[in-house]
Amino acid sequence: MNIEQGNGFVFDVTGNIKSLDDYQKIKNCIERSNPKRGDTLRINIKDSLSMPSAVIGYLLKLIKKEGININLSIGDKRLIQLLDDLNLRSVFNISIS
């Protein structure tokens with residue numbers, strides 16, 4: 001998995017998100033961008049078919065405790081279905097890319 005920061009709070013994730021190392025990369029990249037309450041992060045997940053619970057929990061923490069908005073743009077229908085099954089589609093403002 002690879003994550004790159006674009007302009008502002010835009011992040012592009014390529015490859016499958018599957019390990020705790022991937023979680024740490026995502027967390028570190030987001031923390032380096034230093035989002036504040038009310039900011040919106042756009043995360044483009046191009047081709048991952050999964051997302052570890054640690055990543056889901058971290059994103060939920062950003063939303064619920066930090067007051068940061070998350071917009072996920074997802075390219076793989078299996079990941080969309082997983083997050084939909086967890087009733088997170090509207091929480092993460094999921095769109096199909």
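User: What makes arginine 89 partly exposed?

Analyst: Its relative accessible area is 33%. Buried means under 20%, exposed means over 50%, and partly exposed is what lies in between (1.4 Å probe, protein chains only). So 33% puts arginine 89 in the middle class. Some ground rules: this is a predicted model, where local features need pLDDT of at least 70 and side-chain atom pairs count only at pLDDT 80 or more, while totals for chains, interfaces and linings use all residues. Residues are numbered from 1 along each chain as its sequence is written, and side-chain values use heavy atoms, with hydrogens and water left out.

User: How do you know that arginine 89 and aspartate 84 form a salt bridge?

Analyst: The label asks for a side-chain nitrogen of Lys or Arg within 4 Å of a carboxyl oxygen of Asp or Glu. Here the N to O distance is 4.0 Å, so the pair makes the list. Aspartate 84 is partly exposed too, at 32%. The whole structure has four salt bridges.

User: What about aspartate 21 and lysine 25: why do they count as a salt bridge?

Analyst: Their closest N and O atoms are 3.9 Å apart, so they meet the salt-bridge rule. They sit four residues apart in helix H1, which means about one helical turn separates them.

User: Why is the aromatic pair called edge-to-face?

Analyst: There is one aromatic pair. The ring centres of tyrosine 23 and tyrosine 58 are 6.2 Å apart and the planes stand at 80 degrees, so the pair is edge-to-face. The rule is that rings of Phe, Tyr and Trp (its six-membered ring) pair if their centres lie within 6.5 Å; planes under 30 degrees apart are stacked, over 60 edge-to-face, and the rest tilted. The pair links distant parts of the chain, with tyrosine 23 in H1 and tyrosine 58 in helix H2 (residues 53-64), 35 residues apart. Tyrosine 23 is buried at 17%, and tyrosine 58 is buried at 5%.

User: Where does serine 33 reach with its side chain, and what makes that a polar contact?

Analyst: The side chain comes to 2.6 Å from the backbone oxygen of isoleucine 30. A polar contact is a pair of N or O atoms within 3.5 Å; within protein, one must be able to donate a hydrogen and the other to accept it, and residues adjacent in sequence count only if both atoms are side-chain atoms. So 2.6 Å passes the distance test. Serine 33 is in H1 and is buried at 13%. Leaving aside neighbours within four places in sequence, serine 33 contacts Gln5, Phe9 and Phe11, contact meaning heavy atoms within 4.5 Å.

User: Aspartate 76 and arginine 78 also pair up, so what ties them together?

Analyst: Two things. Their side chains meet in a salt bridge at 2.8 Å, N to O. At the start of helix H3, a side-chain oxygen of aspartate 76 also reaches to within 2.8 Å of the backbone nitrogen of arginine 78. Aspartate 76 itself lies in the loop between strand S4 (69-74) and H3 (77-85). Aspartate 76 is buried at 12%, whereas arginine 78 is exposed at 53%.

User: Last one: why do S1 and S2 count as paired?

Analyst: Two strands pair if DSSP finds at least two bridges between them. S1 (residues 2-5) and S2 (residues 10-14) have four, in the antiparallel sense, so they qualify. Glutamine 5 has phenylalanine 11 as its bridge partner in S2.

Notes. Helices (H or I, at least four residues) and strands (E, at least two) are DSSP runs, numbered from the N terminus.
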